Amino acid sequence: MSCKTTATNIFVLMTNQFYINQYKKLTLIIFTICAVGLIIFTCAQTFFANSYLFNFRTELKTLPKLEEIKHEDYSIRPKIRHRFHRYPHTSRYLPQCIIIGVRKGGTGALIHFLDIHPNIAIASTEVHFFDNNYKRGLNWYRKRMPYSFPNQITIEKTPAYFVKKHVPESVKKMNQSIKLLLIVREPVERTISDYTQIWGKLVRNSSYPTFEELAIDPATKIVKPSFAATERSLYDKHMANWLKYFNLSQIHIVDGDNFRRNPFQEIVEIEKFLHLEHKISEKDYYFDPDKKFYCIKGFINRCLPDSKGRQHVKVQEYVKTKLRKFFRPHNEMFFKMISRRFENW
Ligand SMILES: Nc1ncnc2c1ncn2[C@@H]1O[C@H](COP(=O)(O)OS(=O)(=O)O)[C@@H](OP(=O)(O)O)[C@H]1O
């Protein structure tokens, strides 16, 4: 082997060694950065979780226990694999309170306003368990609930429950001492709002039937009780069905018209009904002049989306008058059932 070849071989070997060393160094640096990052991240998480829990616990300690409205199924614990995605000592519980309706009554605003209370945990979406998913079973339902502390009440809202005949019986089977919230609204406005939600957009651009065509029989000029939006406003009919399975004392009726104008008055009554300490106050809301609704104050102020408070389709006055007359005896029956009147209905 010539001297030149040997020198070249040594040079190649040294260069390789140099690159290997560089590679090792780089790997070590990346590894160290990752490890330090992970440690800092874990420590920060633990710190924030602990301080959050501490505040929560101090607050929860002072509040009444809710055992009397709990159901044996609440003891079902979440699977171990969920453990690391939640605060310690929290579980998913079946709801102890359900907002059963009415559709377009203000259920969305109601559940979000109640969420301000430290002892309330809300389901993030309408679960439609009792009307569409009942066959999936209670454990499926429970898994749709938020993680909550034992002293928190889990609340779900699905306004469709109020008008579905078989729902009260199924709710009772789950928990006969459950608390129910029903937010009602003047029936004519509710019916128009219901129609606006379904057909509103289409009516403007296409040949879909108008509100008048659906609500009033063109031949007899009489209100059609079969029109779904009208039928959903027959509060007496649906309430009678719920009262077959539950005591009136278990159903708290919220005045939706008053709730829109003055949410705190209604919220205070709900706090009492749920045996919760009074925690939600006027300071938690502000009136948004553009939206013309109350919104939630916070680090980031929160109003409900534009799907709430849509401009209603224009309905001729004679149609409204006919509807008002049609609903009157049903309203009277409803008032009797709930031993309470709503003015201006
Ligand atoms: N604070 C606040 N923000 C927004 N909207 C409010 C609020 N309070 C009550 N409302 C009234 O809620 C009506 C919608 O009712 P729901 O949430 O029950 O509708 S839904 O059935 O869930 O689609 C909606 O009805 P429409 O105005 O007819 O759209 C609102 O009037």
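These legends walk through a few close-ups of a predicted model. Residues are numbered from 1 along each chain as its sequence is written, and side-chain values use heavy atoms, with hydrogens and water left out. Because the model is predicted, local features need pLDDT of at least 70 and side-chain atom pairs count only at pLDDT 80 or more, while totals for chains, interfaces and linings use all residues.

**View A. The shell around the ligand.** Count the neighbours here and you get 23 residues, each with a heavy atom within 4 Å of the ligand. The closest are Lys104, Thr107, Lys157, Ser193 and His312. Sorted by class, the shell has seven nonpolar, eight polar and eight charged residues; Asp, Glu, Lys and Arg count as charged, Ala, Val, Leu, Ile, Met, Phe, Trp, Tyr, Cys and Pro as nonpolar, and the others, Gly among them, as polar.

View B. Zoom in on N or O atoms: the side chain of Ser193 has one 2.7 Å from a ligand oxygen. For Lys308 the distance is 2.9 Å, and for Arg185 it is 3.1 Å. Taken together, the protein covers 95% of the 640 Å² of accessible area that the ligand has on its own (Shrake-Rupley method, 1.4 Å probe).

**View C. The disulfide.** Cys295 and Cys303 pair up here, with their sulfur atoms 2.1 Å apart. The cut-off for a disulfide is sulfur atoms within 2.5 Å, and by that rule the count comes to one. The link of Cys295 and Cys303 is right-handed, with 100° about the S-S bond.

Terms used: A polar contact is a pair of N or O atoms within 3.5 Å; within protein, one must be able to donate a hydrogen and the other to accept it, and residues adjacent in sequence count only if both atoms are side-chain atoms.
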